[in-house]
Amino acid sequence: MQTLLYRMHTARIFEERVLSYFREGALHGTMHPGIGEEGSAVGAAMALAGDDYMLATHRGHGPAIGKGADIQRMMAEIFGRETGSCRGRGGSMHITDFSCGMLGANGIVGANAPIACGAAFTIKRKGLGRVCASFLGDGALNEGAVHESMNLAAVWQLPVLFIVINNGYGMSTPLSAAMRDTDLKKRAVPYGLPAYGLDGNDAVAVYAAVKQARAKAAAGGGPAFIVCDTYRTEGHSKSDKNLYRTPQEIARWRARCPIRRLCEALLGAGILDARQLEAVRARAAQTVDDAVAFAKSSPPPNPDTLMEDVYAR
Amino acid sequence: MPGNMHPPGREITYAAAIRDGMRHMLRADENVFLMGEDVGVYGGAFGVSAGMIEEFGPERIINTPISESAAIGCAIGAAMTGMRPIVELMFSDFMGVCFDQIINQAAKMRFMSGGGARVPITLRTASGGGTGAAAQHSQSLEALVAHIPGLYVAVPATPYDAKGLLISAIQNDNPVLFFEQKLLYKTTGPVPEEAYAIPLGQAAIRREGKDASIIAYGRMVTCALAAAERLAQEGIAAEVLDLRTLMPLDTGAVLRSAAKTGRVIIAHEAVTFGGFGGEIAATIAESACGLTLRAPIRRVGAKHCPVPFSKELEGYMLPDETDIISAVRQTLHIKQ
């Protein structure tokens, strides 16, 4: 549980720090913060085994950190440095860390789902006893690629976990304007997938449910569809002015912060005291500080190396 | 291949040569498998994988649902985790329903990950018109994908090349789009029994000539050779250069032939406007031999129109050897 809390803090502080650099104009490009979604993003990714595969969305920092991706290389990537996860070629939206099975964040909504089927195909073919998680948003559930993948995973009984982080909005469009029936779990029914509906701000519940689905899938029990209801308390991207939702709604969800909730649970159960909780937070802050220092001290990529990875040699 | 002629071998069809190449690779590497719509017992829409399921079984010759995004994405994910998939996309026109997986996923995974990902996929697809299949089953769309960095594009013109280029494509660690020419599937040529690879990016001179260069690929190579034969009877020696792959492009071979003859005709079945011929023309125009050309470059391609159904209309819309002959004559300032 301490590691869960540590990684949730790390994800939160990591994104707050990156956002502040963006606001100062110190960073190039954009990012999609998942602040408020850590219970789902980190809770689900942490429930995967070390050698499981996963693919994330454009809002991929939380799942990557939950999976154990190298924070320094992630930060260096967002700074566009040669030492970054993708050597400065991908940026925030394409964080990849093969050392922990993180096959990549994806800038196209729903596009990681077919690829997750492929990683799961390899797992099944080679009898590796692992799973591949496809992180999706609620917005991806109207994408054809996702429906095709749910069908393929089901008919071929591939060890894929479709993990839907339902934050209620596809950019600015609320779920109710994007689908007639907003009970996302029902999307699993016609494909014959078992579905889980979770309070996505309860990191422990998310962790436990994903762990269970993972064990079943890894043992050959087939794919699962896991919906985590949560909320992003920051905008869609750094340029969002939040015109489509009220300050009251955002405040209501801030009050349901998944990190605070986990802290209270740990405190209530007598697992950690206030000082220990603070120590976990401070350690996460230190990790992010170190990552920033690493990123800032790293060189930008040399333009002479631009063409190196367009094709494998 | 430097020579004009293929080495000796059994006379087999273009389709059988592709099957032969797949068989060699499935036997040689357990990570190679074939998937696609109806590739199993049915043998694929054009019979290319006929009989393969008997040798390799349904675990390696895999029927997919009619679900092209899932199939190609699945190949990408499998490739990224150590497999070496061959995917059959029944018609190249169907790229329209899975284009994201081709151009945003397969093409970019390696680059976006800073070189971490490896995506060895061979995407075999049936291309071209002349079959009366109308606008959605007849296109030549190779220029669309040749435009995307990260993809390789092969368009074999002979059975020998089909096998050798396919083996290279499967061995390659990058996504290769392999445009099989529907009208060539039943044509025959000598194909050796053993496995051999033709490197991607090596054009072949199919006929030597000094008066004009016909640069072609795919089915148009056959038309170019027929045109050259007829022109020879008029005393015109046309050279025929078969590009074999559009990416990598054998720029050296293109420029050498253009410099040698000083007259260039580019022929492809695809619509001329925005087609790959423009790239070849620009490559020549931008080079030093652009200054020594003795006539403007001419392109021969399809008219700017969806492929029509009626035989008369389809024949009128698509280019043929007569169009090539008249383009060669124009570069030689010979009145029609």
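How many salt bridges does a search of the whole structure find over all chains? The search finds 36. A salt bridge here is a side-chain nitrogen of Lys or Arg within 4 Å of a carboxyl oxygen of Asp or Glu.

This is a predicted model, in which local features need pLDDT of at least 70, side-chain atom pairs count only at pLDDT 80 or more, and totals for chains, interfaces and linings use all residues. Residues are numbered from 1 along each chain as its sequence is written, chains are lettered from A and ligands numbered from 1 in the order in which they are written, and side-chain values use heavy atoms, with hydrogens and water left out.

**Stop 1: A:Arg87**

Select A:Arg87 in the loop between α4 (71–78) and β2 (102–105) of chain A. Helices (H or I, at least four residues) and strands (E, at least two) are DSSP runs, numbered from the N terminus. Check the backbone of A:Arg87. Its phi is near 55°, a positive value in a residue other than glycine. Most residues other than glycine have a negative phi.

Now show side chains. A:Arg87 meets A:Glu82 in a salt bridge, 2.6 Å from N to O. A:Arg87 is buried, with a relative accessible area of 17%. A:Glu82 is partly exposed at 23%. The cut-offs for relative accessible area are these: buried means under 20%, exposed over 50%, and partly exposed in between (1.4 Å probe, protein chains only).

**Stop 2: strand β7 of chain A**

Go to A:Asp199. Its side chain meets that of A:Arg261 in a salt bridge, at 2.9 Å from N to O. A:Asp199 lies in strand β7 (residues 195–199) of chain A and A:Arg261 in helix α10 (residues 258–268) of chain A, so the pair ties together parts that are 62 residues apart in sequence. Are the two partners buried or partly exposed? A:Asp199 is partly exposed at 36% relative accessibility. A:Arg261 is also partly exposed, at 34%.

Stay in strand β7 of chain A and pick A:Leu198. A:Leu198 counts as buried, at 13% relative accessibility. Show its contacts (heavy atoms within 4.5 Å). Leaving out residues up to four places away in sequence, A:Leu198 touches A:Val206, A:Ala209, A:Ile226, A:Val227, A:Cys228 and A:Asp229. Then draw a C-alpha distance from A:Leu198 to A:Asn166. The two atoms are separated by 9.9 Å, with the residues 32 apart along the chain.

**Stop 3: A:Thr122 and its contacts in chain B**

Select A:Thr122 in helix α5 (residues 112–126) of chain A. Its relative accessible area is 1%, so A:Thr122 is buried. Which residues is A:Thr122 in contact with, leaving aside its neighbours within four places in sequence? From chain A, there is A:Leu128. From chain B come B:Gly77, B:Ala78, B:Thr81 and B:Met83.

**Stop 4: loops of chain B**

Move to B:Arg118. B:Arg118 forms a salt bridge with B:Asp173, the closest N and O atoms being 3.0 Å apart. B:Arg118 sits in the loop between α5 (109–112) and β5 (122–127) of chain B, and B:Asp173 in the loop between α7 (159–171) and β7 (176–181) of chain B, so the pair ties together parts 55 residues apart in sequence. B:Arg118 is partly exposed, with a relative accessible area of 30%.

Next, select B:Ala134 in the loop between β5 and α6 (142–146) of chain B. Phi of B:Ala134 is near 70°, a positive value in a residue other than glycine. B:Ala134 counts as partly exposed, at 23% relative accessibility.

Then find B:Pro248, in the loop between β12 (245–247) and α9 (251–261) of chain B. The peptide bond from B:Met247 to B:Pro248 is cis, with omega near 0°. Most peptide bonds are trans.

**Stop 5: a helix pair in chain B**

Finish with α8 (residues 219–233) and α12 (residues 321–331) of chain B. Their axes come within 8 Å and cross at roughly 55°. That makes α8(B) oblique to α12(B). The contact includes B:Met220, B:Cys223 and B:Leu231 of α8(B), and B:Ile324, B:Ile325 and B:Val328 of α12(B). Axes are lines fitted to C-alpha atoms, for helices over the stretch in contact, and angles run from 0 to 180 degrees between N-to-C directions. Angles under 35 degrees count as roughly parallel, over 145 as roughly antiparallel, 65 to 115 as roughly perpendicular and the rest as oblique.
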